[in-house]
Amino acid sequence: MPRWELAFAAQRAREWPITAGEREEQREDAMAATYSGIPNKLVSAANGLDYAYREVGEGTVPLVLLQHFRGNLDNWDPALIDALAATRRVVTFDNAGVGSSTGATPNTVEEMAHDAIAFLAAMEFDHADILGFSIGSFVAQEVALIRPGAVRRLILASSAPQGAAGMHGWAPDVIGAVGVPDVSPAGYLDVFYARSPASRRAGEQAFQRMSARTAERDKVTTWQTRQAQYDAVCAWGIPDHALLQRLSAIDLPVFVANGDSDPMILPHYSYLLAGLIPQARVKIYPDSAHGFLFQHHAEFAADCDAFLSDPS
């Protein structure tokens with residue numbers, strides 16, 4: 001477990017002390033959630049890489065999740081994954097060089113998209129629904145543009161279009177909070193959750209669910225991954241009006257979502273993104289930030305299910 005997660009756990013223990021019996025009960029309840037207990041798997045792809053992944057639920061069209069900046073398999077909220085998996089097959093994976101996957105993390109979103117496509121092929125997915133979160137949503141856009149036949153529907157959480165003005169790197173306080181070698185609990189909360197007591201409490205609860213898994217945890221992402229991913233983010237954000245027009249080629253249903261107080265990818269980029277994609281709809285969740293999908297996990301999962309199940 002990274003040092004910032006250990007510090008987070010210690011801070012929480014001081015602020016919300018519980019008895020040994022309550023702690024064990026909470027651990028057992030958390031592990032009973034499907035995603036918390038499923039094993040890690042590896043699949044070998046034609047590009048020579050081995051991809052770490054987990055899968056849960058059943059369904060004919062898989063929902064494949066692309067993770068956020070510096071995130072691995074353990075950084076998905078089990079409550080969200082379990083809610084999504086109640087009605088479909090859900091697959092989370094580490095892209096090239098991330099966590100337990102082999103190789104080196106590339107420094108462009110386009111290369112990351114080709115690596116993601118290699119994973120889809122290795123899993124023998126003829127087509128899939130894709131949910132991309134943060135930098136994962138950038139990759140998801142590229143997958144839909146490079147290999148449109150591989151994507152049925154697209155969910156873009158905390159996202160922005162390539163070439164949008166103001167996206168060339170994140171604000172100094174954001175990169176200072178989540179881009180440093182040792183991320184602090186306070187820094188994580190400041191970016192992923194709003195300043196209200198309700199949102200902060202939701203952040204604490206989400207962290208507790210994520211940290212409940214003690215066996216077979218994923219490898220912590222490396223500094224090489226952090227550097228490469230941030231290079232990719234900065235290149236994605238170089239202002240270029242012509243690149244915005246590429247999104248009109250995404251001719252499939254798209255659900256764009258964000259928190260109303262996201263300091264990392266501001267909500268107005270969600271509206272811009274949705275306006276550039278012909279079949280897009282947008283929803284902004286209240287009193288939440290970058291981690292809105294964990295804070296509002298039940299509502300977001302229900303919205304995703306409605307979107308993915310909509311026959312129109």
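User: Why is Phe300 called buried?

Analyst: Phe300 has 0% relative accessibility. Buried means a relative accessible area under 20%, exposed means over 50%, and partly exposed lies in between, with a 1.4 Å probe and protein chains only. At 0%, Phe300 therefore counts as buried. This is a predicted model, in which local features need pLDDT of at least 70 and side-chain atom pairs count only at pLDDT 80 or more, while totals for chains, interfaces and linings use all residues. Residues are numbered from 1 along each chain as its sequence is written, and side-chain values use heavy atoms, with hydrogens and water left out.

User: How much of the protein chain counts as buried, and how many helices and strands are there?

Analyst: Of its 312 residues, 56% count as buried. The chain has 14 helices and 8 strands. These elements are DSSP runs, numbered from the N terminus: helices are H or I with at least four residues, strands are E with at least two.

User: How many aromatic pairs does a search of the whole structure find, and what makes the pair of Phe255 and Phe300 stacked?

Analyst: The search finds 18 aromatic pairs. Phe255 and Phe300 are one of them, at 6.2 Å centre to centre and with 25 degrees between the planes. Rings of Phe, Tyr and Trp (its six-membered ring) pair if their centres lie within 6.5 Å; planes under 30 degrees apart count as stacked, over 60 as edge-to-face and the rest as tilted. The distance and the angle both meet these limits, so the pair is called stacked.

User: Which parts of the chain does this pair link, and is Phe255 buried or exposed?

Analyst: Phe255 lies in strand β7 (residues 254–259) and Phe300 in helix α14 (residues 297–309), 45 residues apart, so the pair links distant parts of the chain. Phe255 has 5% relative accessibility and therefore counts as buried.

User: How do you know that the charged end of Arg153 sits over the ring of Phe307?

Analyst: The charged end of Arg153 is 5.7 Å from the centre of the Phe307 ring. A charge sits over a ring if NZ of Lys or CZ of Arg is within 6 Å of the ring centre and within 35 degrees of the ring normal. Arg153 is therefore listed as sitting over Phe307.

User: What is the order of the strands in the open sheet, and why is one side of β1 and of β8 left without a neighbour?

Analyst: The 8 strands have the order β1-β2-β4-β3-β5-β6-β7-β8, with mixed pairing. β1 (41–44) and β8 (280–285) stand at the edges with a single partner strand each, so one side of each has no neighbour in the sheet. Neighbouring strands are turned by 25 degrees against each other on average, direction ignored.

User: How do you know that β4 pairs with β2 and with β3?

Analyst: Two strands pair if DSSP finds at least two bridges between them. β2 (residues 50–56) has 4 bridges to β4 and runs antiparallel to it. β3 (residues 63–66) has 3 bridges to β4 and runs parallel to it. Both counts reach the limit, so both are pairs. In β4, Val91 is the bridge partner of Glu55, and Val90 is that of Leu63.

User: What makes the crossover from β3 to β4 right-handed?

Analyst: The chain crosses from β3 through helix α4 (residues 78–85) to β4. A crossover is right-handed if, with the strands pointing away from the viewer, the path from the first strand over the helix to the second runs clockwise. This β-α-β crossover is classed as right-handed.

User: Why is helix α8 called largely enclosed?

Analyst: In α8 (residues 185–192), 6 of the 8 residues are buried, so the helix is largely enclosed by the rest of the structure. Those buried are Pro185, Gly187, Tyr188, Leu189, Val191 and Phe192. Tyr188 and Phe192 also belong to one aromatic cluster with Trp76, Phe133, Tyr193 and Phe294.

Conventions: Axes are lines fitted to C-alpha atoms, for helices over the stretch in contact, and angles run from 0 to 180 degrees between N-to-C directions.
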